[in-house]
Amino acid sequence: MRINNWTAMLKTAALVTGATFAVSVSVPKTADAAPSTGHPRLWITPADVTRLQGWATSANPMYQNGLMVAASTARAHADASWNWNTGLPNANWHDNGDTSWQGDVTEAYAEMFAFMSLIDPNVNARPQWAMRARILLMWAMNQAAQGVAAGQPFRDPQFPDFNRANIYGEAWGLAVDWIYPSLSTTDKATIRQVFLTWSTAIMKVANRSGGGPYLPGMLNDPRVLGIDPTQPAATQQGHQIQLRWAANNYFLGETRTLSLMAMSFDAADDPAIDPTKPASQVGNSLGSFMNDSMGWWMYQIYAMFENSSVVKQSLGLTQANPSLGIASGGLPVEGSLYGESLGFLGETLLAMHTAGYDNTALYGPQAGFITSPYWDMAIDGIFHTIAPKPYLPSAASGYAYQGQTWPVATYGDTLRTWVEDSTLTVAGTIGIYDILTNNQPRLNKDRWIATNAMLGGAATLYQRASQVWGNSYATDAILYFMLFDPAAATPADPRPTLPTHFVAPATGSILARSDWTPNASWVSFRCGWETINHISGDCGQFQFYRKGQWLTKEWANYANDWMGYTPLYHNILGLQNDTPAIAGSIWDTTVATGGQWNNGGNAGDPSVWLSANDNWAYSQTDATNLYNHQSWFTASQRATDIQAASRSAVWLNPDYMVIYDRAVSGHSGRFKRFNLVLMATPTITGGVATATAGGQTLTVQSLMPANAIVREEHFWKTSPSQEVNQSSYLEGAYDRLVIEDPSGPANIRFLTVLQGTDAGVSAVPATGIHSSAGAPFDGAVVGDYSVMFPATLGQSFNSTSYSVPATTTRHLITGLTPGVAYSVTLTPGNGVTNITLATGTGYIADVGGVIGVGFPPSASPTDGGVVIGQALINPATTTGTTTGGGSTTGSGGSTGSGGSTSSGDTPGVYTKSGSGYTGHGAPTTLIAEGTYYYDMNGQRTYQQHNGSWILIPMGGSMIYTKVGTGYQGAGAPLQLIANGVTYYDTVGKRTYQQQSNGWVLLP
């Protein structure tokens, strides 16, 4: 499968009723029918059909060796597996209508046949393709039309929104649109019935951290974005944080499925269900769900993915909201694997364009999001995340069959260390739009990515386009065909024309390289907010690649067991905190390793200051909020001892990195560890460690703290799986270096210098430097560079003075106020240069708060920005409105937040909600055995059992329902049944198996 999808943690949430207040809401105009009335209209218009038929010739290698091979393979298999007279499959057809991956995904085959019915140059063959598509489609539809039934083919309540729909959801709407004239009136009535059922289910899906949809049907309503001035500040903050689930891969996949189904039908075949109400009223017709898509789903997506300043202006928002624009910048927030979800969004926007739903005057600015610069950044971001050169896996690795393999700077839950095949979905859908709008420069980039960046490179281009049925990726073959005009020239390599750095402040990301040659040095910095699934607890992470070899990187993994989210694998600090009374939770590994609280468990968002040009890349991150866990009304469940946790990291092009960490805890005697992933076992001499792999050596010099112990950690003996549950394929990480002061001081600074060299070449000795007067600064001299950092973030500043060797000619001073003027005085004497920095004139700190002296001019402008994260608001001490928080400068910047909601009730007061209760804070008294209680403050669910409250962190249940050979229930299993039994968690959407008297999560 392209994605082994699972939702990490879904919490049961109470239904939220929006308060009534005066608000200006721009509701889309009535649109009973799609603006385009003909067929096809999804991705393809009648005008496109003629063009594509002209491409479908034996002279076009993408058709002859790609699409036609894929279509012929599908036809042969289907012809051998179906009786076209009865419309039924035989035993050769492997699709039981389940909600996850199948051997033969019926809708994907129907999509392929429907496409061929449009573009096959043989006019007599087109009806035969359409016949096959219709029979497969109606076989599934006729079963689904029997009504929702758990575990039944195509009828399971999760069929429209679980894994299968997330991967193949586009197929239903596309197939219907592409063969619409071949469908009978009865066919259309059946399909409409099913699509209405699925659309209603999607509209009600638990998409906000496990809770029901927030204010469904409120179209273009700021309250959907968490902006409601009538609510207390903490309540608003909680809703604004929950908005972030609009960037989750399921949300984007559901938006696509919902939209394409709604756009596929004609108004004449889609009358109002209740004739006394407008057909455009959401839920009163299939087409009405397009209004819901525009005004609710796309409204949230646009608010998240577009630049925050643009969102505020275009939507007329005056109140601050720290989640606006927090997914902007072009890089997927859920990481390298789930970046496929940007393709889901691209598929939706392309269909909106071809169907005529991109009219911003009718539907609001979100309708035109495909025209946003976001997509320029998304395409350029792909180039910047790719390593300078590909490689061929060795025969010993077992992956030699892949051929050319291009590494990426991974992040998030990841299964593979190379460019994902799903990257085609982004490049393909945006590329088709670029064909339609004649955007030739970006189209060249789209085609280069599709040709060269995927596994095997250009040599296997047609193989990738034709061999799609192992996973039923019909869409891949179709996108390849539609993307490549046979008359177009071979795409030119656009990389040398790109800047050498890429900055996305909203996700705290920098990707920078020395040049675009294969032997370039290349670094990445990352500090993202950590609210939704698949984000790895990696604020402050850096990776360093040189001359075709990683020197240090994250240990890429899929954290099924949560271990992979810990500091041990992400080149960040491990800071021991309090031990809260939440044992048995998803954060046990966080507590044990001193990690950042992922999946919404933290006390707020990080702050970042970024600066990058041709000379340096600089990332300053304040992750204090991420290292703490707040529980306002239950002190025993808090972990709030970390008073400061920040990192300033500099890459000096091409071979030096200087890392400065600040950590303060309320108690001494607690570990504070600098973790560094290595690609080989290090040799350690005092404070210096070296590791050599692939002809490259990384030298690590520890300059602070004075009492540092540098040691190696190599836990696994025979396989990385002994340490990490799911190490990513072809992950080369091998060891870990740990630096710490064993005395465990409450206040500590780490100063670490890394240098990359060719094997056998000695590194340049680095020395620490410290201010002699004025504000305290620390730093390092290495080669002819000096780099200085403020000892404490936010410290008062008038001036600082320090000295460096006279041979030092390039000086970098960080941690300053962006845009503020400073004077820098260099006075030589006695073999040193005395430097004084003061407020004044002469130098302006750049967008990240950096001044460089003695550096050559950068060929491209400095890029960067500042994002100030917001801490959680205490619901017990705040009432009334909130103005949000944080300030933003730079490109793509946005503010951040984290938080919880509050019902405004007094702790201990219970409010009946459905089959359970809700309240303000954790339960303080018992109610009745088996009762569920949702804590609106802590956003947790409890169940009363045997006279006590049991925390259910993943929506767990003690009720098991027999299903086939296994069991299912609402939440993770809390009791054992029998060895070998499988259990499906209908809330967390995960499967477990009881092994050796314990539950094991199955990926």
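Which residues does F305 touch, not counting residues up to four places away in sequence? In this predicted model, F305 touches A246, A247, L252, A327, S328, L342, F369 and Y374, where contact means heavy atoms within 4.5 Å. The model is predicted, and local features need pLDDT of at least 70, side-chain atom pairs count only at pLDDT 80 or more, and totals for chains, interfaces and linings use all residues. Residues are numbered from 1 along each chain as its sequence is written, and side-chain values use heavy atoms, with hydrogens and water left out.

The chain has 21 helices and 41 strands; helices (H or I, at least four residues) and strands (E, at least two) are DSSP runs, numbered from the N terminus. Of the 1003 residues in the chain, 63% are buried, a term for under 20% relative accessible area, with exposed meaning over 50% and partly exposed in between (1.4 Å probe, protein chains only). Among contacts between residues at least 6 apart in sequence, 68% join residues at least 24 apart.

The largest nonpolar core has 208 residues. Such a core is a set of buried Ala, Val, Leu, Ile, Met, Phe, Trp, Tyr and Cys residues joined through side-chain atoms within 4.5 Å. M112, I119, F195, F305 and F481 have the most contacts inside the largest core. Helix α10 (residues 288–305) gives the most to this core, with 12 residues. A second, separate core of 20 residues includes L652, M704, A791 and L812.

Helix α3 (residues 106–119) packs with helix α4 (residues 126–144) at an angle of about 155°, their axes being 7 Å apart. Axes are lines fitted to C-alpha atoms, for helices over the stretch in contact, and angles run from 0 to 180 degrees between N-to-C directions. The two helices α3 and α4 are therefore roughly antiparallel (over 145 degrees; under 35 counts as roughly parallel, 65 to 115 as roughly perpendicular and the rest as oblique). On the α3 side, T106, Y109, A110, F113, A114, M116, S117 and L118 take part, and they meet R126, W129, A130, R132, A133, L136, L137 and W139 in α4. The residues of this contact comprise 12 nonpolar, two polar and two charged; Ala, Val, Leu, Ile, Met, Phe, Trp, Tyr, Cys and Pro count as nonpolar, Asp, Glu, Lys and Arg as charged, and the others, Gly among them, as polar.

Helix α3 also meets α19 (474–483). The axes of α3 and α19 come within 8 Å and cross at roughly 30°, which makes α3 roughly parallel to α19. A108, E111, M112, F115 and I119 in α3 meet A474, T475, A477, I478, F481 and M482 in α19. Nine nonpolar residues, one polar and one charged make up this contact.

The peptide bond from H39 to P40 is cis, with omega near -5°, and P40 is found in the segment before α1 (46–55). A cis peptide bond also runs from N653 to P654, with omega near 10°; P654 is in the loop between β11 (642–652) and β12 (656–665). S472, although not a glycine, has a positive phi of about 55°. This residue, S472, lies in the loop between α18 (461–466) and α19 (474–483) and is buried, with a relative accessible area of 1%. N599 is not a glycine but has a positive phi of about 50°. N599 lies in the loop between α20 (588–593) and β9 (607–612) and is buried, with a relative accessible area of 2%.
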